[in-house]
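Here is a briefing on one chain. It covers ring pairs, helix packing and selected residues.

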Amino acid sequence: MNRPTAVAPPIRARTPRPATTLAVASLGTFVALVAFCAPLGNMPTVAAALSAGPAAQTWILSSMSVGLAAVLLTAGALADDYGRCRVFHWGAWLLALGAVVGAVSQEPVLFIVGRLIQGVAGAALIAASLGAVAHAFTTPGARATASGIWGASVGAGITVGPVLAGLLDLAGWWRGLYWALAAASLVIGQVATRALAESRSAVPKRIDVPGAVTLCAAMVLVLVALVEGRQGNLAATVLCGVGAAVFTLAFVAVERRRPFPMLDLALFRRRDFLAATLAALATGAGIIGLMSFACTFLVKTMHVSTLAAAGVIALWSGTSVVASLLARTLPARLAGSPQLVIGLAGVGVAMLTMTGLSPDSSLLRLVPGLLLAGVASGLLNAGLGRQAVASVPADQGGLGSGANNTARYLGSSIGVTVVSIIALDPVGTVDGMVSGWNYAAVTTGLISLVGAGVVGILVRGTAVRR
């Protein structure tokens, strides 16, 4: 079999600086997650300012997920083959553009377009950043520490996004968040260009255009089906679902025939890769799905401000930052894939402890579960970041990151859909909303526990990757 033709431009000769790579990569991931989570902190204000109805509000919350999940895998492959710094730089500039579109929007359609652009940009930043970190940190101990710090940036972005949005909401300047995101993205893009050493796969390939097109189409259609399903649009849901199935089959057929596919389907025969992918999917469908709904529940049912609701959720996400940083201290036998099992089991138990609420329950009732979920999520974030690159060939860290995060954001879309169907009371009564929350917490908790069991079976007897 002939080797693929290298078509990427020559990389710059610059000595890699691991600490700089980790700092810039973590900042890029942090900003992407701030953008992703920001609407959770001020959705009522944004909806009122843009005259967005229920359908538009659903798309405002979901559109960045569509952009992320649709191109994460493609972005990861491009980063490996054409340069991780180059793709990271493009992602930063594109995130700035999406933020500006959001800042100047006067109606929901344009704002949603901006969120879609931010999703594509976030995919480039996240996939390229983790690939660059994997390239810069090659020893087991260093990679464990770096994965923990990168995982902490995920939790930090989830924490800061809603809180910052809530603070600016109180100040009457919700658009300021998007101007700030644009400025931060431009700075990060410039720093990346000047400070990062370029890296890519030793044997770059030509872009797999048929694979990229069929995968993006499949991901977009399945996510549109989920969003339309939440709105009760049965015809659109069925049509998009069928289309997603057709394009998924086309993607598999294309990848099986290409000599150098974007995603080598043989990876799914590796138990560590399959375990990491399923763990990411369960993470999205479980804890992220429930926490994405939590602000709505707290504001509409528990009658707290958007800022207070963001502060409550910060107990979860803020704790996850600390846990991610400490994950490197885990004993060797618990690191890697076993870490994913522990994290999923922990968030599953945590969500089960957040059930049994009544209309007169205090917010304090949620605190123990949120703290436990934060510790477990921190272990998951660090473990997923590590296994995403440890379960693929050494020079395909961007692809591993793209595949893993695609599963995470696809899972979150599934989780949000399931939670919305279960938790929202059509009449909107307090009793109905509280009961819905209880059922949703049980459902997502069980999803996480089942995920932990399946991942545990897959990794049983496998060697620990340090």
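Leaving aside neighbours within four places in sequence, which residues is Ala146 in contact with? They are Leu22, Val133 and Phe137, where contact means heavy atoms within 4.5 Å. The model is predicted: local features need pLDDT of at least 70, side-chain atom pairs count only at pLDDT 80 or more, and totals for chains, interfaces and linings use all residues. Residues are numbered from 1 along each chain as its sequence is written, and side-chain values use heavy atoms, with hydrogens and water left out.

**Buried positions**

- Ala146 is found in helix 6 (residues 140-170). Helices here are DSSP runs (H or I, at least four residues), numbered from the N terminus.
- Ala146 is buried, at a relative accessible area of 1%. The scale runs as follows: buried is under 20% relative accessible area, exposed is over 50%, and partly exposed lies in between (1.4 Å probe, protein chains only).
- Between Ala146 and Leu177 there are 31 residues of sequence separation and 29 Å in space, C-alpha to C-alpha.
- Cys216 sits in helix 8 (residues 209-230). Cys216 is also buried, with a relative accessible area of 19%.
- Not counting residues up to four places away in sequence, Cys216 touches Ala70, Val71 and Thr74.
- Cys216 and Ala69 lie 8.3 Å apart in space, C-alpha to C-alpha, yet 147 residues apart in sequence.
- Val392 is placed in the loop between helix 13 (367-390) and helix 14. Its relative accessibility is 5%, so Val392 counts as buried.
- With neighbours within four places in sequence left aside, Val392 is in contact with Leu267, Arg270, Phe273, Gly397 and Gly400.
- Val392 and Tyr178 are 36 Å apart in space, C-alpha to C-alpha, and 214 residues apart in sequence.

**Aromatic pairs**

- Rings of Phe, Tyr and Trp (its six-membered ring) pair if their centres lie within 6.5 Å; planes under 30 degrees apart count as stacked, over 60 as edge-to-face and the rest as tilted. By this rule the count is six aromatic pairs.
- Phe36 and Tyr409 pair edge-to-face, at 5.3 Å centre to centre and 70° between the planes.
- That pair links distant parts of the chain: Phe36 is in helix 1 (residues 18-37), Tyr409 is in helix 14 (residues 397-423), and they are 373 residues apart. Both Phe36 and Tyr409 are buried.
- Phe297 and Trp437 have ring centres 4.7 Å apart and planes at 15°, so this pair is stacked.
- Phe297 and Trp437 are buried.
- Phe111, Trp174 and Tyr178 make up one aromatic cluster.

**Helix packing**

- Axes are lines fitted to C-alpha atoms, for helices over the stretch in contact, and angles run from 0 to 180 degrees between N-to-C directions. Angles under 35 degrees count as roughly parallel, over 145 as roughly antiparallel, 65 to 115 as roughly perpendicular and the rest as oblique.
- Helix 12 (residues 337-353) and helix 15 have axes that come within 8 Å and cross at roughly 160°. Helix 12 and helix 15 are therefore roughly antiparallel.
- The contact of helix 12 with helix 15 holds 14 nonpolar, seven polar and no charged residues. In this scheme Ala, Val, Leu, Ile, Met, Phe, Trp, Tyr, Cys and Pro count as nonpolar, Asp, Glu, Lys and Arg as charged, and the others, Gly among them, as polar.
- Helix 1 and helix 3 (residues 54-82) pack at about 140°, with axes 9 Å apart. That angle makes helix 1 oblique to helix 3.
- Ala32, Ala35 and Phe36 in helix 1 meet Met64, Ser65 and Leu68 in helix 3. By class, this contact has five nonpolar, one polar and no charged residues.

- Most residues other than glycine have a negative phi.
- Ser51 has a positive phi near 55° and is not a glycine. Ser51 lies in the loop between helix 2 (39-50) and helix 3. At 64% relative accessibility, Ser51 counts as exposed.
- His303, likewise not a glycine, has a positive phi of about 60°. His303 is in the loop between helix 10 and helix 11 (306-326). At 60% relative accessibility, His303 counts as exposed.

Methods. Helices (H or I, at least four residues) and strands (E, at least two) are DSSP runs, numbered from the N terminus.
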